[in-house]
Structures are given as structure tokens and as C-alpha cells.
Amino acid sequence: MKKFVVNVKNVQKVYGKKGENQSHALKGLSFSIQEGEFVGIMGPSGSGKTTLLNVISTLDTATNGTVEIDGKDITKMKQSDLTDFRSQKLGFIFQDFNLLENLTIYENIALPLSLQGVSSGKIGPKVEKVAGGLGISAILGKYPSEVSGGQKQRTAAARAIVHEPAIILADEPTGALDSKNATSLLRSMENLNEKQGVSILMVTHDAFSASYCRRILFIRDGGLYKEIHRSGTREAFYKEILDALADIGTQSARGGS
Ligand SMILES: Nc1ncnc2c1ncn2[C@@H]1O[C@H](COP(=O)(O)OP(=O)(O)OP(=O)(O)O)[C@@H](O)[C@H]1O
Ligand SMILES: [Mg+2]
């Protein structure tokens with residue numbers, strides 16, 4: 001039986017103190033992600049997507065409920081252990097790349113390993129392997145300011161996977177890319193998922209990006225609204241996603257339920 005990389009149980013997130021203007025961003029959300037899955041999160045603005053990703057990525061804490069990652073309940077871990085856990089088990093791809101401008105492409109990719117104290121002799125082959133897989137071997141000696149947007153994004157993807165995390169968390173990873181570079185990054189992510197079995201959780205508002213996922217969770221008003229699986233072609237799935245988005249939009253416009 002496959003194991004779960006992420007297990008979210010009855011998670012609630014309330015912003016603000018009691019008696020003040022509280023905002024219930026997540027209202028008892030539950031779902032699991034199996035090892036090797038490529039899952040998308042979609043939903044209207046303000047539905048709780050970023051909050052959910054922040055809770056899973058240990059950057060924010062849940063008000064209630066549990067979040068297990070790779071078998072560990074992160075809601076019960078100490079802050080000091082969380083920092084190590086995050087750097088070992090999670091890989092991040094942000095919309096704005098977050099590359100360090102004064103480090104080379106090679107050094108940027110190597111960062112998660114350097115931070116874990118891996119020796120430079122062991123770092124080299126790992127960096128070269130992921131760079132090769134993402135087609136950026138030729139630019140390893142350059143600085144971020146000297147490469148294209150797509151190459152920056154693939155550098156960010158390489159950095160997200162170089163330490164073989166339990167899961168990659170991506171927040172609108174194609175948001176800042178033109179359609180050619182977006183497609184290229186999505187193919188890279190699809191490839192990582194299919195060939196290397198890397199688990200991916202991606203938040204996106206874009207149906208085209210979402211069509212690369214195998215399963216999509218639609219969030220509305222802090223709860224799970226519906227879930228769809230890709231069974232046929234990516235093109236067919238894209239149409240299904242558009243239908244689901246239209247459905248959520250209609251429901252929201254009616255004022256819910
Ligand atoms: N730091 C915060 N303090 C108070 N309320 C917040 C905070 N962050 C988010 N919220 C509220 O929680 C709800 C969910 O916000 P969240 O950012 O998770 O939405 P989202 O689905 O990511 O939206 P978008 O698609 O616009 O990025 C919203 O009602 C928002 O106003
Ligand atoms: Mg958001």
C-alpha cells in the first residue's frame with residue numbers, strides 16, 4: 001500500500017483574537033496526498049488556498065486539527081525542530097523565484113544541501129544531476145541577473161528538489177512566466193512527478209497549469225468544495241477544470257450552498 005506524504009485532518013485557521021474581527025480562513029478541512037501524487041489546489045480569491053499552503057509548509061500554524069507530513073505531526077513539533085524539518089522534507093517553488101542574486105545558479109541550487117551541512121564533494125554530483133534533468137547545466141556558473149525568466153524558474157525548481165524532499169509545495173509557480181516558459185516548467189514538474197515519483201502540491205488559479213495535475217481539490221469558503229481526477233487526456237481534463245471553476249463561480253455568486 002502506498003503511504004501518505006500529507007495528511008490534513010480537520011484543520012481550522014482563525015485569524016485575529018477572540019472578541020476582535022476574526023476571520024475563519026479554514027473551516028475543518030481534511031484531505032490526504034499519497035506518495036507520488038501531483039495535486040492541485042484551486043478556488044476563488046479568499047477561499048483559503050494560501051493559508052492552507054502556509055499551514056502545510058509550517059510557515060503558519062493551524063488553530064485546530066493536525067497536519068502530518070511524511071508521518072510526522074507538524075502541529076505538535078517545536079519551532080526549533082520545524083526549521084530542520086522544513087529544510088529536509090519540503091521543497092518550495094514561489095511565484096517570484098526567490099533566488100539569491102549574489103550567488104551563482106549552481107550555488108542557488110546547492111543551498112538546501114549547504115544549509116544541511118552536506119559536504120561539497122557530495123553536493124556537486126547532486127546539483128549536476130538535477131540541473132541536467134531540467135536543462136540548465138550550461139548556465140550553472142552564471143548569476144540570476146544573467147539568465148532568462150524561464151531559466152530562473154527552472155533553477156528554483158532544481159533547488160526545490162535537490163535535497164529529495166518528501167513533497168514540493170508550489171504557490172502559483174507559473175504566475176510570472178510567459179506561456180512558453182510556463183509550459184516548459186509544467187513539463188519539468190510533470191517529468192519530475194512521473195519519472196522520479198516526486199510528490200507535488202501546487203496552488204494555482206490557472207486552468208492550464210492545473211491541467212498538468214492528476215487530481216485537483218477545489219476549496220471554497222475554507223472548506224473542500226469538490227475534487228476531480230484526471231482520467232483521460234490533459235486537454236479533456238482542462239475542460240473539466242473550466243467547468244468546475246464555472247460551477248464554483250455560480251455557487252459563490254448565489255451566495256453559497
Ligand atoms: N494574516 C491574515 N490576517 C487576517 N485575515 C487573513 C490573513 N491572511 C488571510 N486572511 C483571510 O483569510 C481568508 C483566506 O485568505 P487566503 O490568503 O488563504 O486566500 P486565497 O485563497 O489564497 O486567495 P487568493 O486567491 O486571493 O490568493 C481571506 O478571507 C483573507 O482575508
Ligand atoms: Mg493566495
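Predicted model: local features only at pLDDT ≥ 70, side-chain atom pairs only at ≥ 80, totals over all residues.
Residues are numbered from 1 along each chain as its sequence is written, while chains are lettered from A and ligands numbered from 1 in the order in which they are written. Local features need pLDDT of at least 70, side-chain atom pairs count only at pLDDT 80 or more, and totals for chains, interfaces and linings use all residues, with side-chain values resting on heavy atoms and leaving out hydrogens and water.

Colleague: Is Asp60 buried, partly exposed or exposed?

Modeller: Buried means under 20% relative accessible area and exposed over 50%, with partly exposed in between, using a 1.4 Å probe and protein chains only. Because the relative accessibility of Asp60 is 21%, this residue counts as partly exposed.

Colleague: Which side chain does the side chain of Asp60 join in a polar contact?

Modeller: Contact means heavy atoms within 4.5 Å, and, leaving aside neighbours within four places in sequence, Asp60 is in contact with Lys13, Tyr15, Asn54 and Val55. A polar contact is a pair of N or O atoms within 3.5 Å; within protein, one must be able to donate a hydrogen and the other to accept it, and residues adjacent in sequence count only if both atoms are side-chain atoms. At 3.1 Å, the side chain joined in this way to that of Asp60 belongs to Lys13.

Colleague: How wide an arc around the axis do the buried residues of α4 cover?

Modeller: The buried residues of α4 are Ile123, Gly124, Val127, Val130 and Ala131. They lie on the same side of α4 because the arc that they cover around the axis is only 150 degrees.

Key: Helix = DSSP H or I, 4+ residues; strand = E, 2+ residues; numbered from the N terminus. Arc of directions from axis to C-beta.
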